Amino acid sequence: MSRTILIIGIGAGNPEHITVQAINALNRADVLLIPTKGEEKSFLADMRRDICERYLTNGDTRVHDYAVPKRRADGSYDDGVQDWHHAIAKIYEELILEVSTDREVIGLLVWGDPMLYDSTIRIVDHVRANGRVAFDLEVIPGITSIQALCASQQIALNRIGLPVEITTGRRLSAGWPEGVDDVVVMLDGVEAFRSIEDRDAQIYWGAYLGTELEVTLSGRLGDVAEQISETRHQAREKNGWIMDTYLIRRARATESET
Ligand SMILES: C[S@@+](CC[C@H](N)C(=O)[O-])C[C@H]1O[C@@H](n2cnc3c(N)ncnc32)[C@H](O)[C@@H]1O
């Protein structure tokens, strides 16, 4: 048997959103690697530790923290992200060689699901390409923040037969995407919802979803945008960090196309 890396989706904040497959994967691991750093990251690290405490029954599993390097803010965004991923791949590589043997199972706990705005799979691909560590890979899905949002807001993600686009705040603030009327926005540090011209659109917003800090708001954008903005500021001030996701649904401008 060779070394195995398990990329394990653990849900986006509610420890009960973990799957049976993920719990079994945690307990298969000889080593679990947990990222730390910064106030937001320390909450996320605590959440990962909480999950280990609740579900880890294998007394032999070793848990190792590692510090995530900061992403370079200068230069182009894409270059900064690429360099950052290569730096994290180097850390994985060193750590894996240092803390595991070539027959052990290493678990990486990923927030939400590894396929959604998460680069762990890409970073592990870099480790493989570097050629110093050989391993088999398994990816275990998790509940995403989008699922947590829809559940808390008691809504279906898509309208009947219609598409939904998932994008970032940075992109939405540059303009509404072509061909869709339903947009899920993640990673929004700029409050892109404030720049939407259609004030009659509906917004379904949630922050700290699944955690004890969860707060949700919804309504006509023109009626609730200011309240969401104020709630965000106050919550970030109080907690030192915020993670929020929202769906904006506008009247069907694309109806004639369908
Ligand atoms: C790097 S992405 C990770 C997404 C994650 N892989 C998932 O499946 O949800 C981080 C973004 O996910 C969203 N997010 C993650 N957890 C959240 C939560 N508990 N509440 C609200 N938004 C969350 C926010 O938009 C945040 O900026």
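Which residue has a polar backbone atom 2.9 Å from a nitrogen atom of the ligand? In this predicted model, that residue is Leu-209.

A polar backbone atom of Asp-113 is 2.8 Å from an oxygen atom of the ligand. Thr-245 takes part through its side chain, where an N or O atom is 2.8 Å from a nitrogen atom of the ligand. The protein buries 90% of the 570 Å² that the ligand exposes when taken alone.

## The shell around the ligand

The ligand is surrounded by 16 residues. Ala-12, Leu-116, Ser-145, Asp-244 and Thr-245 are the closest. Sorted by class, the shell has nine nonpolar residues, five polar ones and two charged ones.

## Position between the domains

The domain assignment divides the protein chain into domain 1, residues 4-143, and domain 2, residues 146-257. Why is the ligand described as lying between domain 1 and domain 2? Both domains give residues to the shell around the ligand, so the ligand lies between them.

The centres of the two domains, taken over C-alpha atoms, are 28 Å apart.

## The domain interface

Domain 1 and domain 2 also touch each other directly: 14 residues of domain 1 are in contact with 17 residues of domain 2. Between them the domains bury about 1,300 Å², and 71% of this area is on carbon and sulfur atoms.

How many salt bridges does the rule find across the interface of domain 1 and domain 2? The number is zero.

Technical notes: Residues are numbered from 1 along each chain as its sequence is written. This is a predicted model: local features need pLDDT of at least 70, side-chain atom pairs count only at pLDDT 80 or more; totals for chains, interfaces and linings use all residues. Side-chain values use heavy atoms; hydrogens and water are left out. A residue is near a molecule or strand if one of its heavy atoms lies within 4 Å of it. A polar contact is a pair of N or O atoms within 3.5 Å; within protein, one must be able to donate a hydrogen and the other to accept it, and residues adjacent in sequence count only if both atoms are side-chain atoms. Accessible areas come from the Shrake-Rupley method with a 1.4 Å probe; for residues, only the protein chains shown count as cover. Ala, Val, Leu, Ile, Met, Phe, Trp, Tyr, Cys and Pro count as nonpolar, Asp, Glu, Lys and Arg as charged, and the others, Gly among them, as polar. Domain bounds come from an automatic or database domain assignment. Contact means heavy atoms within 4.5 Å. Buried area is the accessible area (1.4 Å probe) that two parts lose on being put together, summed over both. A salt bridge is a side-chain nitrogen of Lys or Arg within 4 Å of a carboxyl oxygen of Asp or Glu.
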